[in-house]
Every structure is written in C-alpha cells, then in structure tokens.
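Here is a friendly tour of a few local features in this protein model. Have the sequence and the 3D view at hand as you read.

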Amino acid sequence: MSATTLTQELTRLRSINPPGDERPCAEHLGRLLEAAGMEVSFHSFAEGRTSLIATLEGADNAPPLCFTGHLDTVPLGTAAWDFDPLGGEIDGDRLYGRGSSDMKSGVAAMTLAAIALARLPRRKSGLVIIFTAGEETGCDGARFLAGLGDVLPGAGALVVGEPTGNAPLVGHKGALWLQAAFRGVTAHGSMPEQGDNALYKAARGVLKLAEHGFNLQRHHHLGGPTINVGSMHGGLNINSVPDLAEVQIDIRTIPGQSNDALCEEIGNLLGKDAEVSRIVDVGAVASNPANPWIESVFALCERASGEPVDPRGATYFTDASVLVPAMGHIPALILGPGETSMAHKTDEYCLVTKIEGAVELYTEIARDWMGS
C-alpha cells in the first residue's frame, strides 16, 4: 500500500466534526500498525470519538520520537464541490477530498513510515504514534489522553503532521475563543425606554475590542497576537427590545501570554455587563530553532527540497498545544504534506507527490532519531 492509497481510504471514511465518529479511521490504522508489530491501544472520550496510540520499542532506554496527527475533519460547507468530498479522487497530481490536506495525508504518511521503521533490525530508541479525535474543536482527544495520566508514553521530540507543504515550522500561535453574553430587559419595540437593550451593550463592547491593542513585543517567529469578533447575535424579533446578546471572540496568542490573564483582561474591557466564558483554550508552542534535533530536521528538509528553510510558525493551533506540555515540554515541529492554503476549503486537495515525499521525510527523521 502507498501513502496515497491510504489517504484515499481515510478520506472515504467520514469523520466530519461535529459529530466526529473517528473510530473507523482509528480502527483501520490500528490494524495496519498492529500488523507491522506495533503495540496499539484505543481511547474514546465519547461514543465513536476514538484516538489511537501505537508504540514501537527500542533497544535501550532512550526516549522515543513521537508522530502525531488528528483524524477528524471540519464540515463540508454550503458551497457545491466539483469533486466528491468523500471520494478521494485523483486528478493529475491532486488528491481531492475533505481532510486530504488537513490532515489525513499526514496521518497516512506517518503510518506508512512507521510500518517501514518497524522492519528495521536495529533500533536504539523507539517510536510513538498518536492519532487523535476531536482536534478541530479544541484538541479534545489530546486533552482526554493527557488527562488519563498514565496513557501518554514519554517522548523526546514531537512531529505534528499538519499541512505545511513539507516545510518544517517551529511552532504555532495559541487560541483563546471566548463567548461574551450581555443581558438586558425585554420590552415592546415601540416603548424601548421600558427595556434595557442587550444589543447596545454588546455593540459598545465590540467597539472596545476593535480598538484594543495587546501592547506586546512581536514574537520573532510567530508575530503578534490577534483578536477578531467572529459572530454577534441578539434579539428574537424586530419589534422587541432584546434581553440577550452574545458575541464570540477569537484571540490568537503568542508565547508569554497567559490565557487566564487574557480572559480576565477581556472581561474587564467588556465591563461588568459581560458574562465571559471559554469555548477553546489552547496555548502557543514555539521550539528553539537552535535545538540540535530541529537543526538536523531543517537540514534534511533543505536537502529534500533544494531550498533554504527559515524558522517560521503557523497561525493555526495543533495538538502540540496539549502534547508538548503533557510530554515534558519536548521540542516540536509541524511538518506535513498537506497544502496550508487548502485547509477547510471547498474542493480541498493535497498533492500526491508531497504525500509520498512526506513518507520519505518522516522515515529519515525517525531513522536518524532511532539510530538505525
């Protein structure tokens, strides 16, 4: 089996989140990894919401390398697709389907690399595979695994197979998604003085957010934090004073920012009328480009692409937000075959050449680490 074929198979297994149902993907991959000689376990945080951990032992006590990816995808959207979103069709060098870039191609490439690595006769250190459910809605599967306490194995470094076009990234921004509820008093629309308009309160809060600056120095690889009001809802009908308005806020953070402190900061900015709650709460990740392992992976990617690699970060978040601290603040890289620009888009695709190229990259990275 090629990684391209496996990507097609995974794309045809519907794992759209919500509702998720990642179990078929996890079980399919688990059978392949178990047949290759890896020890496989499954962990579900809800019915059908299944993550997979597979381990390959090394000859000594050196910490293993960890590969990770997620099995869920975002919804299809309302626009019509030119290709079957669950078909895994190939047209030229493009493999189409929801999750083809984000990130079933990365999962497939990691699986094929692991199968090849399991055949190596001498391994000084081992390999860990973590494929998670529920990443798209806030790293739910990774957070569940970390919360189990004795399930996540130790590791010395982490490779996250999110879409980067096979170019390594040293980290990503964190995400703090908030909902702010503003309450008022309803009344007839012709007598607004008898009510208390919750939408006006929300609007005043939104204008404060639009003018808010974080007054922080930009991170040298991730840039500065951002804030965006993504939705605002309130009122039930035109001729009533609304007694509830809700605003959803998307904040992308950089290392050094505390999400707890930031939540308090936004609450103070919006004022006492705002009831602030968290939707997604994950931290930023930034590894040191001077780390010897990261330098070695950069050199490998430069040889493979023939182009220089500069330390950069991603604006999106990954399961590294949870796994890096849970596994002892290990160095991490984001490196996957998917096209960053195609994530979550209609007619999402991944390049076949990059899928197969990722298998070679992952295999070489692991061989170097494992001493084989």
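How many bridges join β4 to strand β5?

Two bridges join β4 to β5 (residues 94-96), and the two strands run antiparallel. One of the bridge pairs links Asp91 with Arg94 in β5. Helices and strands here are DSSP runs numbered from the N terminus, with at least four residues (H or I) for a helix and at least two (E) for a strand. Two strands are said to pair if DSSP finds at least two bridges between them.

β4 and β5 belong to an open sheet of three strands, in the order β4-β5-β16, with antiparallel pairing. At the edges stand β4 (90-91) and β16 (349-351), each with a single partner strand, so one side of each has no neighbour in the sheet. Helix α3 (residues 100-118) packs on the sheet and touches β5 and β16, and its direction makes about 45 degrees with that of β16. Helix α9 (residues 352-370) lies across β4, β5 and β16, at about 60 degrees to β16. For these angles, axes are lines fitted to C-alpha atoms, for helices over the stretch in contact, and the angles run from 0 to 180 degrees between N-to-C directions.

## About the model

The model is predicted: local features need pLDDT of at least 70, side-chain atom pairs count only at pLDDT 80 or more, and totals for chains, interfaces and linings use all residues. Residues are numbered from 1 along each chain as its sequence is written, and side-chain values use heavy atoms, with hydrogens and water left out.

## Two cis peptide bonds

Take a look at the loop between α1 (3-11) and α2 (23-35), where Pro18 sits. The peptide bond from Asn17 to Pro18 is cis, with omega near 5 degrees. The bond from Pro18 to Pro19 is also cis, with omega near 5 degrees, and Pro19 is found in the loop between α1 and α2.

## Positive phi values

Cys139, in the loop between β6 (125-132) and α4 (140-147), has a positive phi near 60 degrees. Cys139 is buried, at 0% relative accessible area; buried means under 20%, exposed over 50% and partly exposed in between, with a 1.4 Å probe and protein chains only.

Asn166 has a positive phi near 65 degrees and lies in the loop between β7 (157-160) and β8 (171-172). Its relative accessible area is 16%, so Asn166 counts as buried.

## Around Ser321

Ser321 is part of helix α8 (residues 320-326) and is buried, at 10% relative accessibility. Leaving aside neighbours within four places in sequence, Ser321 is in contact (heavy atoms within 4.5 Å) with His172, Val282, Gly283 and Val285.
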